[in-house]
Amino acid sequence: MSLDDILRERTLFHPMKSESTSPLTEATFFILLSLSPSAKHGYAIMKEVKVLSKGRIVFSTGTLYGALRRLLEQGWIKRVSDPEPNPTDRERKAYTLTERGRKVVNAEIERLKSLLTTAQQRTSESPS
Amino acid sequence: MNLFLQLIVNTYSRILKLYPRSFKDEFALEMQDVFGNSLMDTAKEGSLHLMIVCGREFMGMPFNILKEFWHEMQREKENVQVTQFVPIKQGSWGDAFWAGLPHLLIAVFIGITGGLANTKLAATSGIILAFLLIAGFLATIYYTWRSKWPAWSASWYGYVGLIVLLFAILPYQYWVGTADQIFRGIRFILLLLSLATLLYWLSRRNPIEGLLMAMPVIILYWFPVMEFIPNQIRFWLTFWLFLLSAVTAMTITRLNDIRKAVWLVLGASILSGLPIAYARTYWHNIPVGNFSPPTIGQLADHFTLPWLASGALVLGPILGWGLWNLGSKYGKAGRISAVIMIFGMILNLIGHLSYWWTFSNEAYLNALQISAIYRPNEASSLSMVYGGAAIILVGALALVIISWRENKILSVPLILAPLGLPLVAMFPTYFSYYIVPAGLPFEFARLGEFYKSLIFLIGAVWLVMSGWTITRLYNQPQQVETA
């Protein structure tokens, strides 16, 4: 291999990044989970996550939209027109899971189930 | 919504303007609605809940804004890295014109004021033109900020940086006591900030924009050589220097190809530096008896030193970035080794500079007078030189071992290329001012012309090799995939 070959390797300037989807952070998981049944606008997501997490995760607006932006960029969610009317005159956008986002959330659910199963088996095997 | 809640939402929407533009354009209105809805719902639960919601929102805002700016920077960096490998898209002629304009304006300014010689008209038109230049720079800053920093704006910011640099290094006599100390501190911080910005642009953000920004710095290197050149000749040389810079900036922007831009900058520096060095050697106005007869060796001194030093400073950061990427290819250990090497180089360079500073009576550096912050002395300077060199070697050795284990031993030349950087960058200080290089024998500064020329030649080979390495680093994807 010549120096040229080494220098030409694409990875020299671009170390390949493997996209890691699992495990998700709790906040991301709950946002995706809240969008699982249907599309929702920002405030509805905020309320749903609070309910789903039993009050443990309460987003500020800034934190929520930072997270939504990341999810949009990753292609896990997309924007659609909000089916519910907006109290203000402005057109309101809602967010929904993409096919890829749905796969990610399902994979995470499977991972959590598997973890739980392993933990349950282990605790049931332990001597009482 | 009552007046109080409306007031809070209005304040919130004002603060939202602090987010990065792209984020703001996409989410600000939605966020304002969501915050308003949340306030209305919470108000029904009582004022304590309202305070908690407001507190959470406003307290978290600085962090969220910073996080979005950071994210924005990372995204830009990734975009820059990707565009380096997509087929090169040429800049338009309009962009090229705007990139060359600041240099052209200064060339015109010099042409008009110099052409009118010492007449009263020259003084008046000089002041008017200077004001027009400053107004032009301010208008451009505003315009480029509004239009999201087009690539050609880097050409203008180079001059803004140069103004900051001159502010930082030129002597001032107006301040005394504590005010003087504070003033020195501010100037030093400004100097560091402008250098850090230049380094960032050259290495990580976009090397083409970095080169455009660095051109005034290269121009500045030729000014000390023009000392003792008669006024009439100096006027033409200065005019030529800026005119050539304008053409170079335009060509770089038009071609938009870092591999060609590197050679263009080094080539333009030769074309402008050679006549300056020639005039300084053979046509100077130093009184008879105060100089020795001109020789080719003197010409080499006057030309090679600024050319090598400015070239090394401009190519160095791009090489450093290449080194970092090479390290990244070998995982965490490689990255750490590269960081160690880069840190060593910076420390070594600061040590050389500090050592030179300790012994020189260089007017500009003395004028900078940062002694309030750091007082250079022989012991601390040598510690940095030797310590830096040892750290470079440790990092380089680790990187060589890692690449050897990966069967990529041939990447060693790239690992070793930046090693020459600190020394080459310091050539002018050692050879022009005859300060003994830190850590080297005294005789080094008094070398005969043959040996000096040999060292200059090695420096020039190093610079050309570094330029070549950069052109290989930035190959296009078609070539990458077929390799």
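Predicted model: local features only at pLDDT ≥ 70, side-chain atom pairs only at ≥ 80, totals over all residues.
## Confidence in chain B

Helices here are DSSP runs (H or I, at least four residues), numbered from the N terminus. Chain B has a mean pLDDT of 77, and 76% of its residues reach 70 or more.

Contact means heavy atoms within 4.5 Å. For the complex, the predictor gives an ipTM of 0.78 and a pTM of 0.59.

## A look at His71(B)

His71(B) sits in helix H3 (residues 47-83) of chain B. His71(B) counts as buried because its relative accessibility is 16%; buried means under 20% relative accessible area (1.4 Å probe, protein chains only). Neighbours within four places in sequence aside, His71(B) contacts Arg69(A), Arg70(A) and Glu73(A).

## Nonpolar cores

A nonpolar core is a set of buried Ala, Val, Leu, Ile, Met, Phe, Trp, Tyr and Cys residues joined through side-chain atoms within 4.5 Å. The largest has 55 residues, and Leu211(B), Trp222(B), Ile276(B) and Trp307(B) touch the most other members. Another core, of 41 residues, lies apart from it, with Tyr65(A), Leu39(B), Cys54(B) and Ile65(B) among its members.

## Reading notes

Residues are numbered from 1 along each chain as its sequence is written, and chains are lettered from A in the order in which they are written. Local features need pLDDT of at least 70, side-chain atom pairs count only at pLDDT 80 or more, and totals for chains, interfaces and linings use all residues, while side-chain values use heavy atoms, leaving out hydrogens and water.

Conventions: Helix = DSSP H or I, 4+ residues; strand = E, 2+ residues; numbered from the N terminus. Buried < 20%, exposed > 50% of the residue type's maximum accessible area, 1.4 Å probe, protein only. pLDDT = per-residue confidence, 0-100.
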